Amino acid sequence: MPDSPDLTVVVPMYNEQEVLPLFVDRMRPVAESWGVSYEVLCVDDGSSDATPVLLQRLLREWPQLRVVRLRANSGHQAAISAGLARARGRHVVTIDADLQDPPETIGEMLRVASDEGVDVVYGVREDRSSDTAFKRVTARAFYRSIRALSDVDAHVDAGDFRLMSRATVDAVNALPESNRVLRLVVPALGFPSASVGYRRAPRAAGESKYPLAKMVRLSVDAVTGFSIAPLRFATWIGLVGGVAAIGVLVYAVVGLLLGNTLPGWTSTVVIVAAVGAVQLLALGILGEYVGRTYTALQARPTYFVAHDSLEQRSPAQPQGQTRT
């Protein structure tokens with residue numbers, strides 16, 4: 001196997017045929033300017049469009065390109081995890097192919113990591129004007145909620161664009177949990193870190209692969225994976241409901257003794273409906289944690305690799321080195 005490169009850039013891709021040529025045209029000259037050996041590891045997350053064909057063509061044109069194809073669509077976080085598991089670089093950068101996160105920032109990340117001696121450099125979105133108001137508000141609410149509910153010091157406005165040392169990548173790969181949310185897993189490790197600010201650009205082409213439903217699912221995985229506050233919330237709701245029930249009981253007894261009771265079903269229906277709603281909420285919260293535990297006990301892989309272009313290259317073919 002060729003020597004390990006200084007840097008691996010992991011790029012998860014799913015149906016990115018429109019943006020892929022733009023990404024390569026922009027990434028390749030930037031990568032050549034870093035002055036280090038590198039590989040660009042594209043993880044094809046079971047694309048159903050022309051993305052696999054384009055990647056195979058690019059393999060013949062770009063020696064530093066490496067393609068790992070998953071057998072089925074496994075999701076964005078799983079695709080990144082697959083890339084981290086196979087990355088060989090002494091540093092690893094994760095970046096999406098949509099060019100909202102600028103590849104030019106990677107060079108600054110390398111400089112900061114070297115100058116400050118940190119294991120992680122986060123890309124922080126200082127300008128999110130290209131995002132909708134709804135996405136900006138919900139993103140900030142998400143990160144602030146995570147910081148309030150757990151001990152994870154998650155960077156506000158930092159997504160999956162980051163640079164990690166080999167020690168950090170090895171620590172992430174060693175974690176046994178499934179459905180991991182890497183934007184919280186990495187800060188939870190507590191390794192020395194720094195940040196680099198950048199302006200988030202509009203998507204260069206194609207459509208977003210993170211609709212509202214996937215964002216909600218990611219949020220649920222993040223909360224249940226890093227905080228037991230919802231369980232405590234269910235407990236407190238139960239206690240408050242019990243106190244309220246005692247209060248209603250006292251009120252009913254006093255009314256009965258004073259002869260002020262009036263027959264009626266409205267109050268009864270309201271109380272029963274409220275208590276039932278609280279019970280269902282508590283059961284739903286418990287169900288999320290039980291389901292997560294059940295999934296972990298099954299220990300099923302979150303992705304399956306179909307092939308890795310590195311394993312198919314001839315030993316004489318260059319890989320992971322800058323051109324001279």
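Helices here are DSSP runs of at least four residues, numbered from the N terminus, and helix H9, for one, covers residues 229–258, with Val254 inside it. Keep in mind that this is a predicted model.

**The largest nonpolar core**

- This core has 38 residues, and the members that touch the most others are Val9, Val11, Met27, Trp34, Val40 and Ile106.
- Helix H1 makes the largest contribution, with six residues.

**Helix H6 and its buried face**

- H6 runs over residues 166–174, and Thr168, Val169 and Val172 are buried in it.
- Looking down the axis of H6, you'd find its buried residues within an arc of 95 degrees, so they line one face of the helix.
- The general rule behind such faces is that an α-helix has 3.6 residues a turn, so residues three or four places apart point the same way.
- What do the buried residues of H6 pack against? Their partners are helices H3 (76–86) and H7 (182–189), plus strands E4 (91–94), E5 (120–127) and E6 (158–165).

- Val250, Val254 and Leu258 together make a nonpolar surface patch of about 270 Å².
- Val254 has a relative accessible area of 40%, so it counts as partly exposed.

**Salt bridges**

- The total comes to 14 salt bridges.
- Arg26 pairs up with Glu104, and their closest N and O atoms are 3.0 Å apart.
- Since Arg26 sits in helix H1 and Glu104 in the loop between E4 and H4, this pair ties together parts that are 78 residues apart in sequence.
- Arg26 is partly exposed, at 29% relative accessible area, and Glu104 is partly exposed too, at 41%.
- Arg66 and Glu39 also form a salt bridge, at 3.3 Å from N to O.
- That pair links distant parts of the chain, with Arg66 in strand E3 and Glu39 in strand E2, 27 residues apart.
- Are Arg66 and Glu39 buried or exposed? Both of them are buried.
- Arg200 and Asp101 make another salt bridge, with 3.1 Å between the closest N and O atoms.
- Arg200 is in the loop between E7 and helix H8 (212–226), while Asp101 is in the loop between E4 and H4, so the pair ties together parts 99 residues apart in sequence.
- Both Arg200 and Asp101 are buried.
- Some salt bridges share partners, and in this way Glu39, Arg66, Arg86, Arg88, Asp308 and Glu311 are joined into one network.

**A buried aspartate**

- Asp44 belongs to strand E2.
- Its relative accessible area is 1%, so Asp44 is buried, the cut-off being under 20%.
- Leaving out residues up to four places away in sequence, Asp44 touches Met13, Thr51, Pro52, Leu55, Val68, Arg69 and Leu70.

Technical notes: Residues are numbered from 1 along each chain as its sequence is written. This is a predicted model: local features need pLDDT of at least 70, side-chain atom pairs count only at pLDDT 80 or more; totals for chains, interfaces and linings use all residues. Side-chain values use heavy atoms; hydrogens and water are left out. Buried means under 20% relative accessible area, exposed over 50%, partly exposed in between (1.4 Å probe, protein chains only). Helices (H or I, at least four residues) and strands (E, at least two) are DSSP runs, numbered from the N terminus. The arc is that of the directions from the helix axis to the C-beta atoms. Contact means heavy atoms within 4.5 Å. A nonpolar core is a set of buried Ala, Val, Leu, Ile, Met, Phe, Trp, Tyr and Cys residues joined through side-chain atoms within 4.5 Å. Patches are made of residues with over 30% relative accessible area and no salt bridge: like charges are joined within 9 Å, nonpolar side chains (Val, Leu, Ile, Met, Phe, Trp, Tyr) within 5 Å. Accessible areas come from the Shrake-Rupley method with a 1.4 Å probe; for residues, only the protein chains shown count as cover. A salt bridge is a side-chain nitrogen of Lys or Arg within 4 Å of a carboxyl oxygen of Asp or Glu.
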